[in-house]
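Subject: Structure for you to look at

Hello,

Here is the structure I promised. Please open it and keep it beside you while you read my notes.

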Amino acid sequence: MASSLVTVLRSCSRASRAITTVRFMSNVPEDTVYGGPKPQNPNQRVTLTQLRQKHRKGEPITVVTAYDYPSAVHVDKAGIDVCLVGDSAAMVVHGYDTTLPISLDEMLVHFRAVCRGARRPLLVGDLPFGTYESSSNQAVDTAVRVLKEGGMDAIKLEGGSPSRITAAKSIVESGIAVMGHVGLTPQAISVLGGFRPQGKSIASAVKVVETAMALQEAGCFSVVLECVPPPVAAAATSALHIPTIGIGAGPFCSGQVLVYHDLLGMMQHPHHAKVTPKFCKQYAQVGEAINKALLEYKEEVSERLFPDPSHCPYKISSSELDGFLSELQKLGLDKAASAAAASAEKMEHSDSPSSAAIL
Amino acid sequence: MASSLARNCSRFSKAISVRFMSNLPVDTVYGGPKPQNPNQRVTLTHLRQKHRKGEPITVVTAYDYPSAVHLDSAGIDVCLVGDSASMVVHGHDTTLPISLDEMLVHCRAVARGAKRPLLVGDLPFGTYESSASQAVDTAVSVLKEGGMDAIKLEGGSPSRITAARAIVEAGIAVMGHVGLTPQAISVLGGFRPQGKNIASAVKVVETAMALQEAGCFSVVLECVPPPVAAAATSALKIPTIGIGAGPFCSGQVLVYHDLLGMMQHPHHAKVTPKFCKQYAKVGEVINKALMEYKEEVSKKVFPGPSHSPYKITTSELDGFLTELQKLGFDKAASAAASAAENMEPSK
């Protein structure tokens, strides 16, 4: 009972802070009366509060993208702070050349799969191209679906035009945390003329800083800075009191984000090597490991080395086998009966270490 | 011209005996989607040739563009877009929850990535069991919207045999699947090996033969004792593709994530099948890489100069600093200036 009084007091002081400063929210409240979805670990999910604390202490925030259950589990196990379900899925999962083709329904499938796998990181879902640009209403509707049907904790949207700032504000007002994104915004490659770094001219550099600040003003809890020169990122980071998450933006941001497949060297296909970004460090060569493994599997199957006895766990008892052979003969399948008998003998002999290839 | 006409005639007469089809005909008058390599896609003919020569057929599952590309580069014969996606991609405990729309998304992504292997798409639970016409409609979607070359369906009950036949008659190649059929765990009582008693073993052989009769081009045998698989393989003239069925099948199939050791999560380790060999420990590699990234970001070691490629010229930088000061952002201006200096010596 005393603890719930403490809870109430904590909630009150937090509420007053919330009114004055920046609105912070997660759709899995820390102090729920009836417990959260996994009541045994109510405080395990990373929240905006924890990100704010890291930012205050100058501890860099780590972000990695994920698109399905296994990658979400990996990002969770590695202790990454934020798991971003990016519309980069269009390129790395679906094989398109841009992020434009992916639909909201497809993103929702990715969101749900990631939600099932990642219990600890904060989950941020990208709003895909075409689902939030026409009006603030459309933006709020999409953002609501991302949380409601997708199970995400927050959303990210690209751009800093006046209509985007308005959309971001409307989404925040509907109770959904928003991560902004300025600099190179991949959904806008049509007007940008390709995946080209931004902020290289005075006007462009100033725009990066101004739009980041406008997004902060609209209520965003952080802003991604993509592909801008480090001094521009440093200026924006300094001007903001919310954290900046950089990608190809140098070391002066409050945190970093990379695409899962890029940082793992997941693709070894020559075509994909062309689009591996220069700013991304490959922390592993998973693509090569996969290729090697598949070639070995192919070789072992072709040479009839796989499956070997240790990978043949299912047995039929001798009595059942005999009955089976009789039935096969009754059905006129004599050849099949001998094949079965011969294989049973081979399996028996291969239990001894001296046996080599099966056939 | 004459030789291809002659070849077509003899092929046609063979077709009357065993029906074989791919939805990308080898000798297309107007070329295929990629006319520069019209014969590159593995066809049923290639599989039949391998089977005749006793060369094992290799099959691996894939669910997205990167895995499809990997299978293609490794020269795997058949790429199966399995409803196992429900478990390994979506994290469900069974293959039941995945919908046709979700499978179609997987099929399309794989079709974009794998140009050479034969593409087989699984019909997911609930999309083909009510009637033969439902089955045909679903199979048509899988080829039409999913870009697959053939479909796979599970089971050997009379209604399934009828459905398989109807799909073949619609012009779609069908791969059968008997033994442990994961969509039927409700009646099977779990993921349990089949064919361990006389009746069950005979049923495996009989249903496989019925599927061949219905026009299937191959049959998957899942989790049955090796002698039962050997009997079925011998009784059939079409190839058998085994998984947990011993070494006497005409080919083998494994799930991508399982063979690569993709999952290192303790929950998933419980369900890694005993019959699957792990040819790599990708999950451990991924974990190590992510922990290193986290460490480097936390210690501000990443990104270093070699991973900060974008520059701003000195003149533009100066103009930028001036503008910032005009806007009253003095702190930001100094941050930018010292950042620029910081990046300098690294050149």
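Five names to find in helix α14(A): L321(A), G323(A), F324(A), L325(A) and L328(A) are its buried residues. Keep in mind that this is a predicted model.

What covers those buried residues? The cover includes α15 (334-349) of chain A. It also includes α9 (198-214) and α10 (226-235) of chain B.

Now trace the helix itself. α14(A) covers residues 318-330, which makes 13 residues. From its first C-alpha to its last it reaches 18 Å, close to the 18 Å expected at 1.5 Å a residue. After α14(A) comes G332(A), which has a positive phi, near 85°.

Next, go to chain B and find strand β1, residues 57-61. Why is β1(B) described as largely enclosed by the rest of the structure? Buried means under 20% relative accessible area. In β1(B), 5 of the 5 residues are buried, so the strand is largely enclosed. I57(B), V59(B) and T61(B) point one way. T58(B) and V60(B) point the other way, and they are buried too.

Which strands pair with β1(B)?

- β8 (residues 251-254) of chain B runs parallel to β1(B), joined by 4 bridges. Here T58(B) has Q252(B) as its bridge partner.
- β2 (residues 78-81) of chain B also runs parallel to β1(B), joined by 3 bridges. Here V60(B) has C79(B) as its bridge partner.

One last thing to trace: β1(B), helix α3 (residues 65-74) of chain B and β2(B) form a β-α-β unit, and it is right-handed.

Best wishes

How values were computed
Residues are numbered from 1 along each chain as its sequence is written. Chains are lettered from A and ligands numbered from 1 in the order in which they are written. This is a predicted model: local features need pLDDT of at least 70, side-chain atom pairs count only at pLDDT 80 or more; totals for chains, interfaces and linings use all residues. Side-chain values use heavy atoms; hydrogens and water are left out. Helices (H or I, at least four residues) and strands (E, at least two) are DSSP runs, numbered from the N terminus. The expected span of a helix is 1.5 Å times one less than its number of residues. Buried means under 20% relative accessible area, exposed over 50%, partly exposed in between (1.4 Å probe, protein chains only). Contact means heavy atoms within 4.5 Å. Two strands pair if DSSP finds at least two bridges between them. A crossover is right-handed if, with the strands pointing away from the viewer, the path from the first strand over the helix to the second runs clockwise.
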